[in-house]
Amino acid sequence: MNIQQRIQELRDELNQHNYNYYVLDKPTISDYEFDVKIRELQELEDKYPEFYDPNSPTQRVGGEITKNFETVTHKSRMYSLDNSYSKEDLIDWEKRLHRLLGVADIEYTCELKYDGASINLTYENGQLVSAVTRGDGIQGDDVTTNIKTIRSIPLVVNTNFASDFQMRGEIILPLEGFNKMNEERIDIGEEPYRNPRNTASGSLKLQDSAEVAKRPLDCLLYHLVDEGQHYATHFESLDNARKAGFKVPDTLKVCKNLEEVLEFLNYWDVHRHDLPYETDGVVVKVNSIQYQEELGYTAKAPRWAIAYKFKAEQVSTVLNEISYQVGRTGAITPVANLEPVLLAGTIVKRASLHNADQIEKLDVRVGDTVYVEKGGEIIPKIMGVDLTKRPADSQPTQYATHCPVCHTELVRTEGDAKHYCPNEFGCAPQITGKIQHFISRKAMDIDGLGSETVELLHKEGLIRNYADLYDLTVDQVIPLERMAEKSAQNMIDGIEKSKEIPFEKVLFALGIRFVGETVAKKLAKHFKSIDNLMNASFEELIAVDEIGDKIAESVIQFFDDKANVELVNRLKNYGVQLEISAEEQANQTDKLSGKVFVVSGVFHQMSRNELKKAIEDNGGKVSSSISKKTSFIVAGDNMGPSKLAKAQDLGIEIISEDDFINMIQ
Ligand code: AMP
Ligand code: ZN
């Protein structure tokens with residue numbers, strides 16, 4: 001078999017596995033086997049760039065940065081939907097259809113209304129060529145690079161289905177992934193995202209497609225715009241789209257008449273809470289494409305479709321108490337303790353109140369009867385107060401002024417939604433929270449030590465901070481409750497072993513507010529050692545790519561605190577890695593400092609990603625678009641003609657791959 005055939009074979013195979021995993025949810029090979037194949041393909045593509053394909057499965061990892069998303073005009077307009085809220089509304093709608101079409105029997109399809117951001121996918125010759133947001137329906141933003149990272153969207157489809165067409169669907173964030181993302185945010189002291197829909201649509205506009213690739217986004221399809229007119233009914237078009245590899249939920253159903261439509265509505269009004277994603281209603285469509293064409297559109301929406309909105313499931317119950325939780329960063333979260341009540345199949349006892357502003361806005365008070373709603377979030381929300389049931393002696397809520405655990409007066413800085421307990425080193429949940437973060441898997445990854453043991457060690461007075469972990473001995477921990485000799489030894493070994501964890505993870509482990517995994521990586525790479533970072537000024541910090549005022553201030557504040565400096569010095573003395581390794585250091589220089597590069601075309605000696613990494617490792621910056629700020633364009637084979645023209649226009653120097661390698665050697 002020649003190289004080209006092997007490449008094609010791998011691409012076909014990997015496309016099939018992506019489909020099995022992300023669309024059918026039935027993988028047939030292990031993640032490991034998948035990785036081996038994708039690596040083989042990546043290596044072949046790097047070695048034989050003449051077989052580059054923008055729709056290869058290797059393109060799913062992202063990496064391209066888009067500064068400004070291009071506005072493009074939709075080939076055919078993306079309409080909105082008319083809404084209905086009751087059975088009567090639907091009956092009226094059907095009457096209109098009867099009148100307009102002059103027929104008695106109309107068949108419908110029912111689909112769930114997926115709650116996310118709409119997207120228009122354009123395929124030419126079976127290949128995905130662009131993905132554009134709805135925008136105002138006439139023009140949207142081209143977010144193709146980001147969309148390609150969503151594994152359930154086929155990049156190539158069999159042209160038997162249709163060759164030139166547009167497929168429309170909704171980009172959603174399933175609840176499980178959304179909740180997981182929020183747990184991670186809370187972990188670095190960020191406010192959690194409010195709901196999956198906004199987070200999904202926000203994700204489409206992220207500049208770094210590699211970031212998008214990390215988000216567990218999905219795409220559910222609901223409409224084919226087919227110039228070839230292959231299908232007679234809406235159902236047939238979606239059924240075939242599903243066979244062609246698109247994720248068309250099997251909740252889609254043909255209904256012979258309005259009766260069956262109403263049954264569908266009733267069923268999903270109850271069962272929608274069991275779905276892995278959010279839905280706020282049902283979309284009913286006339287099934288016949290011919291009828292659809294006869295009915296046409298109003299200025300705003302198709303006449304052949306209507307959305308039916310579910311009533312949000314809400315219950316009312318009494319608010320017994322507002323309590324306050326203290327997080328690792330000292331952030332205070334008010335929690336409503338409710339009279340237990342049944343909501344969407346579960347007993348609810350607690351609801352989130354977010355922060356002081358939220359309490360004030362809703363004017364919720366202890367003793368009030370409140371409306372509680374359950375969205376996709378882990379804990380339900382309070383939506384409002386039933387003022388008719390407010391007790392006569394009710395008093396406005398006075399937000400906590402002191403920490404519920406250590407009784408220190410709370411502070412709230414300008415622009416912060418939350419109150420904080422400033423007693424960082426003396427407040428138990430903050431102390432144990434920081435240590436728990438320090439030992440967690442993505443940080444120091446200490447085996448043999450869990451969250452509960454941390455609390456126990458703290459309670460017994462054996463540790464007051466994460467540096468104390470390194471002073472622990474087996475003899476000290478054996479007497480602890482439920483601690484066998486073997487587990488004591490495991491724990492001490494795990495702590496010892498964490499001294500090998502690389503600097504970037506240690507930096508994340510320190511728990512500096514707003515310094516998550518990615519930021520820690522950036523800072524470690526740029527400053528190379530904790531000493532350099534400690535001495536960095538605000539200006540030096542914000543000069544680092546993607547480090548903004550908020551992070552810079554937080555870093556400075558952290559090291560302004562003598563207690564933190566002392567902790568860091570202790571870690572250093574124990575042998576924890578507080579600078580990047582010699583090996584990493586050897587590959588990094590400042591040779592390209594201050595230079596901005598645009599990379600275009602196909603390369604022979606290194607892959608595009610290796611090239612970009614080499615630029616960054618040598619202190620340069622990579623940008624995706626050519627502007628006056630561009631210093632050099634590294635041009636490979638087949639550089640895009642528009643880029644070439646723009647570069648020549650602005651008089652920017654174009655260099656070859658060899659020139660670039662000489663530059664860094
Ligand atoms: P609205 O934004 O309320 O005007 O509703 C129209 C939007 O509903 C469309 O732009 C789609 O993004 C979205 N939608 C979600 N699910 C469906 C579906 N099954 N069929 C059609 N549109 C849908
Ligand atoms: Zn406190």
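This is a predicted model: local features need pLDDT of at least 70, side-chain atom pairs count only at pLDDT 80 or more; totals for chains, interfaces and linings use all residues.
A helix, as the word is used here, is a DSSP run of type H or I with at least four residues, and helices are numbered from the N terminus.

**Second stop: a link across the chain.** Side chains of opposite charge can pair when their charged atoms come close. Across the whole structure, a search finds 32 salt bridges. Select Lys-442 and Glu-184, whose side chains meet in one such bridge, with a distance of 3.4 Å from N to O. Which parts of the chain does this pair link? Lys-442 is in the loop between α12 (428–439) and α13 (451–459), while Glu-184 is in helix α5 (residues 175–187); these distant parts are 258 residues apart. Lys-442 is partly exposed, at a relative accessible area of 24%, and Glu-184 is likewise partly exposed, at 38%.

Select helix α8, residues 234–243, and display Asp-239 and Lys-243, which lie four residues apart, or about one turn of the helix. Their side chains form a salt bridge of 3.3 Å, N to O. Is Asp-239 buried or exposed? Asp-239 has a relative accessible area of 18%, and because buried means under 20%, it is classed as buried. Lys-243, by contrast, is exposed, with a relative accessible area of 61%.

Move to Asp-531 and Lys-572, which form a salt bridge whose closest N and O atoms are 2.9 Å apart. Asp-531 lies in helix α18 (residues 530–535) and Lys-572 in helix α21 (residues 562–574), so this bridge ties together parts that are 41 residues apart in sequence. Asp-531 is partly exposed, with a relative accessible area of 35%, and Lys-572 is also partly exposed, at 33% relative accessibility. Next, select Asp-363, Arg-365, Asp-368 and Arg-390, which are joined into one network by salt bridges that share partners.

**Last stop: the cysteines.** How many disulfides does the structure hold? The structure holds zero. Select Cys-219, which is buried at 0% relative accessibility, and then Cys-421, which is buried with a relative accessible area of 2%.

Technical notes. Residues are numbered from 1 along each chain as its sequence is written. Chains are lettered from A and ligands numbered from 1 in the order in which they are written. Side-chain values use heavy atoms; hydrogens and water are left out. A disulfide is a pair of cysteine sulfur atoms within 2.5 Å. Buried means under 20% relative accessible area, exposed over 50%, partly exposed in between (1.4 Å probe, protein chains only). A salt bridge is a side-chain nitrogen of Lys or Arg within 4 Å of a carboxyl oxygen of Asp or Glu. Helices (H or I, at least four residues) and strands (E, at least two) are DSSP runs, numbered from the N terminus.
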